[in-house]
Amino acid sequence: MRIVICDDEPGYRALLHERILQYGFEQDFEAQIAEYESGGQLIAALDAGERADVYFLDIQMENGADDGIRVAKELRRRGENGLIVYVTSFIDYAQTGYEVKAFRYLLKSQISGSHKPAQDNKANAPACPDKLAEVLSAVRKELFGEEYFSFRINRETLRVEKGKILYLESDKRQIFIYTGDESYCFYGSLDQAQGQLGEGFLRCHRSYLVNLKHIQRYSREQISLKGGAAVPVSRSYAKECMRRLMLEMV
């Protein structure tokens with residue numbers, strides 16, 4: 001896996017580099033990592049042929065408050081499809097990622113366990129924070145294969161790739177699954193489906209479960225998905241739903 005880290009703080013670049021290598025060692029996969037200290041430096045590297053499977057971009061760098069955003073837009077303008085993970089000290093930018101199809105957000109405090117790590121104190125940093133491990137695990141699943149959601153219809157077991165599911169809808173005892181191309185209906189519980197689908201899916205309503213990776217826009221009343229589908233956000237789920245979206249959108 002080719003990984004690019006673009007951050008103007010050497011301490012964070014080194015720390016993130018170290019944590020990714022440690023995760024790779026623990027999970028037995030190889031990561032090739034390149035570091036860039038500015039958006040301009042990364043863009044120059046792209047001109048020279050740099051390509052990556054995933055880009056860890058600091059949103060706020062010295063060249064401008066939205067330097068990481070500018071770089072992400074340039075990546076997409078050039079047709080680069082690598083996953084973008086925004087690394088930031090602030091949660092305020094969470095909705096911006098939808099413009100460039102950002103894969104995840106990672107707060108810097110979730111990497112180091114503190115707001116501002118000292119360069120000479122990396123040895124005291126936590127071994128591998130859960131949030132970074134979650135992001136890297138999600139990156140690997142996205143790049144190297146989807147998991148499946150299984151259900152039964154007329155005594156047959158069907159499997160659908162989780163990544164293709166847009167959302168699920170519950171109506172009484174029936175569950176409807178909608179993908180970009182097909183729909184399915186089976187008898188079951190949305191609670192049980194949520195447990196099987198895992199953290200990549202968000203409960204926004206008593207009757208709806210949406211795939212985080214297909215969300216394009218959201219508000220406290222509605223979530224819009226790829227392909228034009230829209231699902232409601234109920235009052236009872238709105239607060240937790242917004243909190244999760246701000247953290248994940250991640």
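This is a predicted model: local features need pLDDT of at least 70, side-chain atom pairs count only at pLDDT 80 or more; totals for chains, interfaces and linings use all residues.
Residues are numbered from 1 along each chain as its sequence is written. Local features need pLDDT of at least 70 and side-chain atom pairs pLDDT 80 or more, while totals for chains, interfaces and linings use all residues, and side-chain values use heavy atoms, without hydrogens or water.

**Stop 1: helix α1.** Select residues 10-27. Helices here are DSSP runs (H or I, at least four residues), strands likewise (E, at least two), numbered from the N terminus. α1 has 18 residues and reaches 26 Å from first C-alpha to last, close to the 26 Å expected at 1.5 Å a residue. The expected span is 1.5 Å times one less than the number of residues. Colour its buried residues (under 20% relative accessible area, 1.4 Å probe, protein chains only); among them are Leu 16, His 17 and Ile 20.

**Stop 2: Ile 33.** Go to strand β2, residues 32-36, and pick Ile 33. Ile 33 is buried, at 16% relative accessible area. Show its contacts (heavy atoms within 4.5 Å). Beyond four places in sequence, Ile 33 touches Ile 3, Ile 5, His 17, Ile 20 and Leu 21.

**Stop 3: the largest pocket.** Select Arg 104, Ala 138, Lys 141, Glu 199 and Gly 200, which lie nearest its centre among 23 lining residues. The largest share, 7 residues, comes from α5.

Definitions and conventions
On a 1 Å grid over the protein atoms alone, a cavity is a set of points where a 1.4 Å probe fits but cannot get out, and a pocket is an open set with protein on both sides within 12 Å along at least five of seven lines; lining residues have an atom within 4 Å of a point. Buried means under 20% relative accessible area, exposed over 50%, partly exposed in between (1.4 Å probe, protein chains only).
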